[in-house]
Amino acid sequence: MIKAVRGTRDILPPSSAVWNHVEAVTREVFRSFHYHEIRTPIFEETALFARGVGEETDIVSKEMYTWDDRDGSSITLRPENTASVIRAYIEHRLDQIPGLTKLYYIGPMFRRERPQKGRYRQFSQIGAECIGTEAPAVDAEVIELAMEILTRCGAQNPTLLLNSVGCKKCRPVFVEALRERLQSVKGTMCTDCQRRADTNPLRVLDCKVPEDQPVIDALPSILDYLDPECSAHFETVKSLLTARELTFEIRPRLVRGLDYYMRTTFEVTHGALGAQNSILGGGRYDGLAESLGSKVPAPGIGFSIGEDRLVMAIEEQTNAGDLAKLDVFLVPMGAAAVKHAALLARDLRRAGNVVEVSTDHKLKRAMETANKLKARYALILGDNEIEAGVYALKNMATGEQQNLTREQLPSALL
RNA sequence: GCGGGUGUAGCUCAGCUGGUAGUAGCGCCAGAUUGUGGUUCUGGAUGUCAUGGGUUCGAAUCCCAUCACCCGCCCCA
């Protein structure tokens, strides 16, 4: 018995209807913000991710699906999409196009991690990138866009967390200060933090061990180390978010795992998800293009939503079956009725109804099926009806049944 | 990659300290007189007890390994 490989899964009805709903709503929101879709390849040269995401990140160091192609080149399934989008931006000289480059994507990513609830080896991200300016107004709009998608899709009460991680100039100063302070206090912390104090001081800020919290609270805050430019940028972003009537929590401890982030970073969590409660992550990446070899600067900001997790959150709050409504279950009785039903079904579908035609030969069976499929109406047509030129329309919820002419049918179905 | 838990019918699960798998619930199929569902009643089908070894006269039950899923860590969407 061959089964789906570890960390991958089939998305079946009715869950697939939720996915379609999410994607339809998402595309509509993107359209309203004048974002356009970009579809990049699902695999790229390994070097793109190594340089873009960062050699030292967990993603690159141990989570990528990488193999040697027949010509000897190293290929990798994309673990995220920002690097690919920037690559395409540079390759196709999108900086020459008037206005900002506002792109979105929806598609699968691949990371070889330990599978868990809300974490898969093939997972889908909905992402957006706005490239071409450092202006803080764009940060605010991108965040608004992200929140708009979540709420319009039906995720209730998402929490927006906000931080600034500084830039190439001020962040290293902070990291050094943090490292120094940790040397004196790490002895009182958990073993993980003792290790992080040396390997990756920023990660200490993310520690969830309750006993460590007082120590962490007393550590230096990145916000005190922002240089004047970064600080002004952050202040403007905050005021523009408030102007948009968005609520957020400042989290100086919010450090993101990808090397390319600078200045604004943000994350959205959702209560219904357990340990993998992060549903969206994003931030600004002004130096990324240059690190990929671009001669022209391409400052930008973007986010990506974990579509699997968003769908999961929505499914906890709503009934997936409701998205797959069947309007009319057509029940033809007899050979003549089957032929008659074919054209009737066509016309009803063209009028916007969801129609299924019964293949049951017994009326009783057909009605049982109509009930199980939760059809709004059963439409019975047999010899009697064809002869009389009427259709027997039964409302499945109330049980009422009436005979209607062809002309009366459309309005009765509304 | 590390730690813990789980794995019995389509689904949710019983199965106590080893003795031929459950009238279990839901679902599915058929019927309760000829063209009408939802409630009720009756009958029926379905399992290499995750996989592979081992202990034993005998293993779903004990042991080992593998795989998958779940929870946590690491990290992240």
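**View 1. Strand β12 and its burial in the predicted model.** Because 7 of the 7 residues of strand β12 (residues 326–332) are buried, the strand is largely enclosed by the rest of the structure. Buried denotes under 20% relative accessible area, with exposed over 50% and partly exposed in between (1.4 Å probe, protein chains only). Helices (H or I, at least four residues) and strands (E, at least two) are DSSP runs, numbered from the N terminus. This is a predicted model, in which local features need pLDDT of at least 70 and side-chain atom pairs count only at pLDDT 80 or more, while totals for chains, interfaces and linings use all residues. Residues are numbered from 1 along each chain as its sequence is written, chains are lettered from A and ligands numbered from 1 in the order in which they are written, and side-chain values use heavy atoms, with hydrogens and water left out.

**View 2. Parallel partners of β12.** Strand β12 runs parallel to strand β14 (residues 375–381), to which 6 bridges join it; two strands count as paired if DSSP finds at least two bridges between them. Within this pairing, Leu-326 has Ala-375 of β14 as its bridge partner. Strand β13 (residues 355–357) is also parallel to β12 and is joined to it by 3 bridges, with Leu-330 opposite Val-357. The chain passes from β12 through helix α13 (residues 335–350) to β13 in a right-handed β-α-β crossover; with the strands pointing away from the viewer, right-handed means that the path from the first strand over the helix to the second runs clockwise.

**View 3. The open sheet containing β12.** The sheet comprises 5 strands in the order β13-β12-β14-β15-β16, with mixed pairing. Its edge strands, β13 and β16 (401–404), each pair on one side only. From one strand to the next, the twist averages 25°. Strands β14 and β15 (residues 391–395) are antiparallel and share 4 bridges; here Ala-378 stands opposite Lys-394 of β15.

**View 4. Crossing of helices α1 and α12.** The axes of helix α1 (residues 15–32) and helix α12 (residues 307–317) come within 10 Å and cross at roughly 110°, the axes being lines fitted to C-alpha atoms over the stretch in contact, with angles from 0 to 180 degrees between N-to-C directions. Helix α1 is therefore roughly perpendicular to α12, a term covering 65 to 115 degrees, whereas angles under 35 count as roughly parallel, over 145 as roughly antiparallel and the rest as oblique.

**View 5. Domains of chain A.** The assignment, automatic or from a database, gives domain 1 (15–169 + 227–317) and domain 2 (325–412). Their centres, taken over C-alpha atoms, are separated by 48 Å.
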